[in-house]
Amino acid sequence: MAIPSSEITSQTLFEDRRQYLKWLAGGAMGVGLGAWAQRDALASAPMSALPHVPSAVPGARTIEKLTPYADASGYNNFYEFGVDKTDPERYAQELPIDPWSVEIEGLVRKPGRWALEDLLKLSPMEERIYRLRCVEGWSMVIPWVGYSLAELIRRVEPMGSAKFVEFVTVADAQHMRGLKSNVLQWPYTEGLRLDEAMHPLTLLSFGMYGRVLPKQSGAPLRLVVPWKYGFKSAKSIVKIRFVEQMPQSAWMKSAPQEYGFYSNVNPEVPHRRWSQATERRLDGGGFFAPKRKTLMFNGYADQVAQLYSGLDLKRNF
Amino acid sequence: MRFVRLNRCLTHATAKPVVWLLCLLPLAALVLRVFEQDLGPNPVETLLRSTGDWALRGLCVVLLLTPLQQGVGLTGLGRMRRLLGLFSFFYAVLHASIYAWLEVGWLWQDMWQDVLQRPFITVGMLAWLLLAALAATSYQAAIRFLGGKRWKQLHRMVHAAAWLALLHFYWMREAKNNTQEVLIYVAVIAVLQGWRVWRWHQRRRQQRVIRP
């Protein structure tokens, strides 16, 4: 599907909108509202640039209309900062992310701790434009910056007995107000089969929209697995563990009848409470835009379907 | 009698129009946000949640009226009952219309499938139908037609509607463990209904004392 470049929110239009907010903050509509608008303008201050080249991985660059940056960074599920969609942007900014390191452990020949600086240099940064499908029935199109997780996995040399990879994310009770509630077991963990983790589309991401990740989107590094529901893409990772048995993810522990290990995007397998056949694309198109049909493996079937040949996807949801 | 002045205000000719306008405020705010394009990244969700919230808040207000009238003595509130009940239903109508229009695009077959297959939509629809029955019998002629006693029995269904609405809300939020807000509404409704049970109990005890 060809999208004319005129459909994409241009940088100047984006700046204009910020300008409008600042104008609003200038007092045209009263001090209270002004302060609110100023907050909004500040919250979307641009992050520092992260140099990159376009990815050459097949399927990694959809040409669909991008979700506006303000929406991708202002409408998030990141329960560590609160259950409301706007909580992460509001409350994530206190999280300290420098210094940061990732512990590699389990069934690998080269376990150890990787500093973020070394991970940033490990492989050339690529930009990939992925569809992101949330299990709740909405989707976005986001340009991520990073490289295939496989680059890191190869360097730590998994043993033959390693069959799964578990991702452990940060649980900093001092700076994450959501940890006070018991909506999930902390830390949030996710998992992939080793061959899924090695797939070139599985991205270790450090940035989006050409800049480093904002904290509400999982800074300083996160996973992006475009053919699975969004919650599989663990944010703010601190540990990667190679194991033999299938790990239990946070959502599996919480509601095993609703969230399975695979969680591949699949229009034919409804969530227990709603259909997954359609989705609402959040691309700034307004509320009259009709919902669109959800595609098998979120439209990445050509690249990933062979990973699941012979697997009953209804039972292994 | 307590609250003489407040009750006088409530029975003043302008009281009803004022409450009318207050009830329209949430809608006005929502319409303003539509024109300002300030409904957030997921505008349909914002419209759905907001109208649903106000229908439920309306039910809480309606259930608060009897305790305020009988327990506190704000007897002047009696005139507001129908008005507030109808406004709660009005927001429920907006909620259901936005679902039918923007969620399923008036595809009746899809909607029927949703009602049959998704328990949270089933109970939401039941709550809506109950409220519709109450709204449809809210005028004087209906009271005369049904007879006061039967009409009152019918309108006690508002309690069932409240619990169905809460279940609808709870099941929706439970999917992502996001139920704290729902539990606040559960607590409010439980207290308001608990007061009625307590009052009924007291009255029965008094009656026993009077007629041994």
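Among contacts in chain B between residues at least 6 apart in sequence, what percentage join residues at least 24 apart? In this predicted model, where two residues are in contact if their C-beta atoms, placed from the backbone, lie within 7 Å, the share for chain B is 66%. For chain A, residues 24 or more positions apart account for 69% of the contacts with a separation of 6 or more. Residues are numbered from 1 along each chain as its sequence is written, while chains are lettered from A and ligands numbered from 1 in the order in which they are written. Because the model is predicted, local features are given at pLDDT of at least 70 and side-chain atom pairs count only at pLDDT 80 or more, whereas totals for chains, interfaces and linings use all residues.

Helices (H or I, at least four residues) and strands (E, at least two) are DSSP runs, numbered from the N terminus. Chain A holds nine helices and 13 strands, and chain B has 10 helices and zero strands, in the order α-α-α-α-α-α-α-α-α-α along its sequence. Taken along the principal axes, the C-alpha atoms of chain B fill a box of roughly 60 × 40 × 40 Å. A residue is called buried if 20 or more other C-beta atoms lie within 10 Å of its own, exposed if 12 or fewer, and partly exposed in between, with C-beta atoms placed from the backbone. By this criterion, 40% of the 317 residues of chain A are buried, and 26% of the 212 residues of chain B.

The contact between the two chains involves 17 residues from chain A and 14 residues from chain B. On the side of chain A that touches chain B, nine residues are nonpolar, four polar and four charged; here Ala, Val, Leu, Ile, Met, Phe, Trp, Tyr, Cys and Pro count as nonpolar, Asp, Glu, Lys and Arg as charged, and the others, Gly among them, as polar.

Within chain B, helix α4 covers residues 81–103, and its 23 residues should span 33 Å at 1.5 Å a residue, which agrees with the 32 Å between its end C-alpha atoms; the expected span is 1.5 Å times one less than the number of residues. Its buried residues include B:Phe87, B:Phe89, B:Tyr91, B:Leu94, B:Ile98 and B:Leu102, and what covers the buried residues of α4(B) includes α2 (15–35), α3 (43–72) and α6 (119–136) of chain B. Just after α4(B), B:Gly105 adopts a positive phi of about 55°.

Helix α6 of chain B also contains B:Ala127, which counts as buried because 25 C-beta neighbours lie inside 10 Å. Leaving aside residues up to four places away in sequence, B:Ala127 touches B:Ala161, B:Leu164, B:Ala165 and B:His168. The C-alpha atoms of B:Ala127 and B:His159 are separated by 9.9 Å, although these residues stand 32 residues apart along the chain.

Two packed helices are described by the angle between their axes and the distance between the axes. The axes of α9 (residues 157–174) and α10 (residues 180–210) of chain B come within 10 Å and cross at roughly 165°, the axes being lines fitted to C-alpha atoms, for helices over the stretch in contact, and the angles running from 0 to 180 degrees between N-to-C directions. The two helices α9(B) and α10(B) are therefore roughly antiparallel, since angles over 145 degrees count as roughly antiparallel, under 35 as roughly parallel, 65 to 115 as roughly perpendicular and the rest as oblique. In this pairing, B:His159, B:Ala162, B:Leu166, B:Phe169, B:Tyr170 and B:Arg173 of α9(B) meet B:Val182, B:Tyr185, B:Val186, B:Ile189 and B:Gln193 of α10(B). The residues of this contact divide into eight nonpolar, two polar and one charged. In the loop between α9 and α10 of chain B lies B:Asn177, a residue other than glycine with a positive phi near 60°; B:Asn177 is partly exposed, having 16 other C-beta atoms within 10 Å.

Backbone features also occur in loops of chain A. The peptide bond from A:Asp98 to A:Pro99 is cis, with omega near 5°, and A:Pro99 lies in the loop between α4 (87–91) and β2 (101–106) of chain A. Another cis peptide bond joins A:Ala219 and A:Pro220, with omega about 0°, and A:Pro220 is placed in the loop between β9 (211–212) and β10 (222–224) of chain A.
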